[in-house]
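Colleague: I would like to learn how to read salt bridges and a helix in a model. Can we take them one at a time?

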Amino acid sequence: MKAWVFALGALTVLRLLVCGFTPISADESYYWVWSRALAPGYLDHPPMTALWIRAGTSMLGSGPIGVRLLAPLSAALGTLLLASAASDLWGGTRQERRRRGIVAAVMLNATLLLGVGSVTMTPDTPLLFFWTLALAALGRVLATGRRGWWLLVGLAIGLALDSKYTAVLTGAGLVLWLLTTRAGRSWLRTPWPWIAGALALLLFAPVLDWNATHGWASFAKQGGRTGAWQPARAGRYLPELLGGQLGLATPFILVLLVAGMIRAVQAGRRGEAGPALLAWVTLLPLAVFVQHALGDRVQANWPGLLYPGAVIAASAGARWWRAASVLGFALVLPVYAQATFAPFPLPRALDVTLQRLAGWPELALAVGRSGPGFIAADEYGLAAELARDLPGRVVLGIEPRWQMFRLPHDTAGEATGLLVRSERRHDAPDPRYWADLVPVGELVRERDGRVAERYRLYRARIRPDLPPDLAVQIARLPAPR
């Protein structure tokens, strides 16, 4: 026990170092903007990511380690919670329970999902932590029969919903377990699951209220994805879904996860409450993602919330878990090295660290030297990166999403400046915002001479007669402290 806890501590220190030395991605900078304009909701996701970043940056500033501080710390604590859940949900002798906890903890940490998720800050980071907390609390419910653990279940599910909307899928799996199993129905005859549900809804209520006052914008954006149904396209998107999970889980661990889910279903049919719970909270969301892949792309990270339950299921009877975990870590560690030091000359198409992380501070400095006035971008990630890296300049975000932020929208005194646009975008800048646009050059974001992305620069003048509906779509982005 002491050896694996020590190893977890060493791994956490390594992850903290990676957090500090790896540049911030555009998405992380965008979530950092959220943290400077706190609200109960945003167009893309609920607010938990913003709260976590705000906590980290309040202690360590707006650099990479401040933005990401809670990622490796929550991964460490979540690992301990996962071991507890695996111990409780399968049962058995004390030695078997202890072994299952260690197996589940090691396998999850050996996946690229947690390997990368523990050194970046995205909505998946708090989602994984709070769903693991819910599983640990449910394990305590089944192992001890103590009713008070349901309060922690409700708290954890509510906070998971405040992290990412996909938490509703695992919550629905829990509801079906309550309705379809003997153990679940016995609990439904008590007030405690109902109290847990009410507590989760209470914690989610501010997000509901924000959506109600913003035209249900967030629900429409995320919920609109569920309507895709074009089975003819399944030949394209189902292999992408499988390939994404082969990458995130690593191949051998994915095989063990599938075998574990089969064992959980079989044990659930025999009336074992813990395995039945794992089956419901994992397979129901998986069915939703498979259905979605029949008509549209499923991003590789979306099924990530299934991994805690799946590795717990795999922890019972996994024979080759050591070899699979060694291979997983052997894939995770080079990713850390490439993100921080870039020792491998990979082609751009294969180097995700180059595409997403490289060259942002240098690009911002080059933009800042390109002329006076404001700096603007009509792509949210680019605008957020420029704002975080150029604290002495006025940076404007220009697109409809910014009207939903608690940010200044007054452009008086900001008549002329520079518009920065990626060459990846083949459309022209929206003329409704501009009185004049004159191309003035190009810049490159790169690392060690290898191009990550090219950008066009325009000398720009904002229309002085902007109508109110367009004026609120231009926001002054915050500067780092």
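**Salt bridges, then a helix**

Modeller: Start with a pair of neighbours in this predicted model. Arg388 forms a salt bridge with Asp389, and their closest N and O atoms are 3.6 Å apart.

Colleague: What is the general idea behind such a pair?

Modeller: Side chains of opposite charge can pair when their charged atoms come close.

Colleague: Is Arg388 buried or exposed? And Asp389, buried or exposed?

Modeller: The cut-off for buried is under 20% relative accessible area. Arg388 has 10% relative accessibility, so Arg388 counts as buried. Asp389 has a relative accessible area of 18%, so Asp389 is buried too.

Colleague: How many salt bridges does the structure hold?

Modeller: The count is 22 salt bridges. One of them joins Glu399 and Arg401, with the closest N and O atoms 3.2 Å apart. Both of these residues, Glu399 and Arg401, are buried.

Colleague: Which residue forms a salt bridge with Asp436?

Modeller: The partner is Arg461, and the closest N and O atoms are 2.6 Å apart. Now place the two residues. Asp436 sits in strand S4 (residues 434-447) and Arg461 in strand S5 (residues 450-462), so this pair ties together parts that are 25 residues apart in sequence. Asp436 is partly exposed, at a relative accessible area of 36%. Arg461 is partly exposed as well, at 33%.

Colleague: Which residues do salt bridges with shared partners join into one network?

Modeller: That network contains Asp378, Arg421, Arg425 and Asp427.

Colleague: Now the helix. How far does H12 reach from its first C-alpha to its last?

Modeller: H12 covers residues 192-213, which is 22 residues. Its reach is 32 Å, close to the 32 Å expected at 1.5 Å a residue.

Colleague: Where does H12 bend?

Modeller: At Phe204, by about 45 degrees. A proline, Pro206, follows within four residues.

Colleague: How should I read the spacing of residues along a helix?

Modeller: An α-helix has 3.6 residues a turn, so residues three or four places apart point the same way. In H12 the buried residues are Pro193, Ala196, Ala200, Phe204, Val207, Trp210 and Asn211.

Colleague: Which helices do the buried residues of H12 pack against?

Modeller: They pack against helix H9 (149-161), helix H10 (167-180), helix H11 (182-188) and helix H13 (217-223).

Colleague: What comes just after H12?

Modeller: Look at Gly215, which takes a positive phi of about 65 degrees.

Methods
Residues are numbered from 1 along each chain as its sequence is written. This is a predicted model: local features need pLDDT of at least 70, side-chain atom pairs count only at pLDDT 80 or more; totals for chains, interfaces and linings use all residues. Side-chain values use heavy atoms; hydrogens and water are left out. Helices (H or I, at least four residues) and strands (E, at least two) are DSSP runs, numbered from the N terminus. The expected span of a helix is 1.5 Å times one less than its number of residues. The bend at a residue is the angle between axes fitted to the seven residues ending there and the seven starting there. Buried means under 20% relative accessible area, exposed over 50%, partly exposed in between (1.4 Å probe, protein chains only). Contact means heavy atoms within 4.5 Å. A salt bridge is a side-chain nitrogen of Lys or Arg within 4 Å of a carboxyl oxygen of Asp or Glu.
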